[in-house]
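Me: I would like to learn how to read the sheet and the charged contacts in a model like this one. Could we take them one at a time?

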Amino acid sequence: DKEPAVTLAHSRLVADVQAQQGLSPRESARAAMVSAETAAAAPKHAIDQAVALERSLLGSATGYAEATNTLKVPVIDLNSPDAAEQMWQAASTVGFFTITNHGIPQSAIDEAFAVSGEFFGQDKEAKYKASPFAKNMNSGYEFMEQVRPSTGTPDQKESLQITARASAMQGRWPTHPPHFQTAANTLMDTSYALAKRILALLEPKACPQLAPGTLAAAHTLWSPGGQCTLRMIHYPPTEPYDPSAESNTGARLWRAGPHTDWDALTLLFQRPGEAGLECASNPNAPGGVKGGWVAVDPMEGGIAINIGDMLSRWSDGKLYSNLHRVRMPTPDECKPPKSRYSIAFFMQADKEAMIESETNEPITAGDYILHRIQSNY
């Protein structure tokens, strides 16, 4: 059988990290062993490959490697005449980029962060009561409950998941602050419009087998099968990562462990001064970002964009769904310890949408998301 792409990807990522970090022979041997184990155990079924890649990082030198300070992801001005080509280059190499002149009013972003901060400022019991989590709807409030296959430990965060499906938020819309729903829906609507625009720019090269507009039409808001989601995230204040503590607990904590997104496209809103997001190098394509892990820092007026597993599958791997993580704060960032906030919009195809490509077996978007949720809890 042909070796799964996930195995090749992981092997090259290991090599990149070894070169960057100057790993000791023992560490290099450990990384090589992890890569070999991945090659032996990697599933042939395409839907499991992303999960296998995440699990292969558990405890490995690759997963814990520090980011390089010399590389940055591409920044693309959507008003540029060649924005579509720049986006294609970024999406088919590193899988991450930052866009500017995107059309979403800064006031809508600021208001969403404001209501997010007010909601998370309540005590935990009040938040659970205001928006009880419904696993069948993938909606509501969670506190340190998501466990990544790459870490085996809970992400150090709390979140409010707003899934735009009919009835999904019934009884789960927070009433404090009073304008929470209005602010969230405004950012949801504008993010959805921007995501459709990005899909339209990528579709001709990424999915030439599809009729124009197919990707955008597969995603709706508030329909019975809708899966698009706005997720407000709060990473509570914490002490910096302490290597000595790791030996005591046997596990390393992350604000968000290394993972790929399950969706077609993610829009991530960050606030300047609240760094921590990092993406991996691209081990698949020549010309991609190299060197292990790369900071995706907040940028005034910018939105971080990354390709998700759905779109990578739809495009037969021409577009790259990249690993990313949120590291724990540095010692300097903990003077004093402070919160980090972000808001993600996940452009996820409707449950009944069929993801079809030339090299992968067809699967509905609903079944795909269900499989990924089961691997992360």
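Me: What is the strand order of the open sheet of 8 strands?

Reply: As a general idea, the strands of a sheet pair through backbone hydrogen bonds, in either the parallel or the antiparallel sense. In this structure, which is a predicted model, the order reads β2-β3-β11-β8-β13-β6-β5-β4, and the pairing is mixed. The edges are formed by β2 (75–77) and β4 (140–143), each of which pairs on one side only. On average, and with direction ignored, neighbouring strands of this sheet are turned by 25 degrees against each other.

Me: In which sense do β2 and β3 pair, and over how many bridges?

Reply: Strand β3 (residues 96–100) and β2 pair in the parallel sense, over 3 bridges.

Me: Which strands does helix α8 lie across, and at what angle does the helix run to β13?

Reply: Helix α8 (residues 180–206) lies across β3, β5, β6, β8, β11 (303–307) and β13, and its course makes about 55 degrees with β13.

Me: How many salt bridges does a search of the whole structure find?

Reply: The general idea is that side chains of opposite charge can pair when their charged atoms come close. Here the search of the whole structure gives 7 salt bridges. One of them joins the side chains of Lys 205 and Glu 85, with an N to O distance of 2.9 Å. This pair links distant parts of the chain, since Lys 205 belongs to helix α8 and Glu 85 to helix α5 (residues 83–91), 120 residues apart.

Me: Why does Lys 205 count as partly exposed?

Reply: Buried means under 20% relative accessible area and exposed means over 50%, so Lys 205, at 42% relative accessibility, counts as partly exposed. Glu 85 is likewise partly exposed, because its relative accessible area is 33%.

Me: Is Glu 274 buried or exposed?

Reply: Glu 274 counts as buried, because its relative accessibility is 10%. Its salt bridge is with Arg 271, the closest N and O atoms being 2.7 Å apart, and Arg 271 counts as partly exposed because its relative accessibility is 29%.

Me: Are Asp 332 and Lys 335 buried or exposed?

Reply: Both Asp 332 and Lys 335 are exposed, and their side chains meet in a salt bridge with an N to O distance of 3.5 Å.

Methods. Residues are numbered from 1 along each chain as its sequence is written. This is a predicted model: local features need pLDDT of at least 70, side-chain atom pairs count only at pLDDT 80 or more; totals for chains, interfaces and linings use all residues. Side-chain values use heavy atoms; hydrogens and water are left out. Two strands pair if DSSP finds at least two bridges between them. Helices (H or I, at least four residues) and strands (E, at least two) are DSSP runs, numbered from the N terminus. Axes are lines fitted to C-alpha atoms, for helices over the stretch in contact, and angles run from 0 to 180 degrees between N-to-C directions. Contact means heavy atoms within 4.5 Å. A salt bridge is a side-chain nitrogen of Lys or Arg within 4 Å of a carboxyl oxygen of Asp or Glu. Buried means under 20% relative accessible area, exposed over 50%, partly exposed in between (1.4 Å probe, protein chains only).
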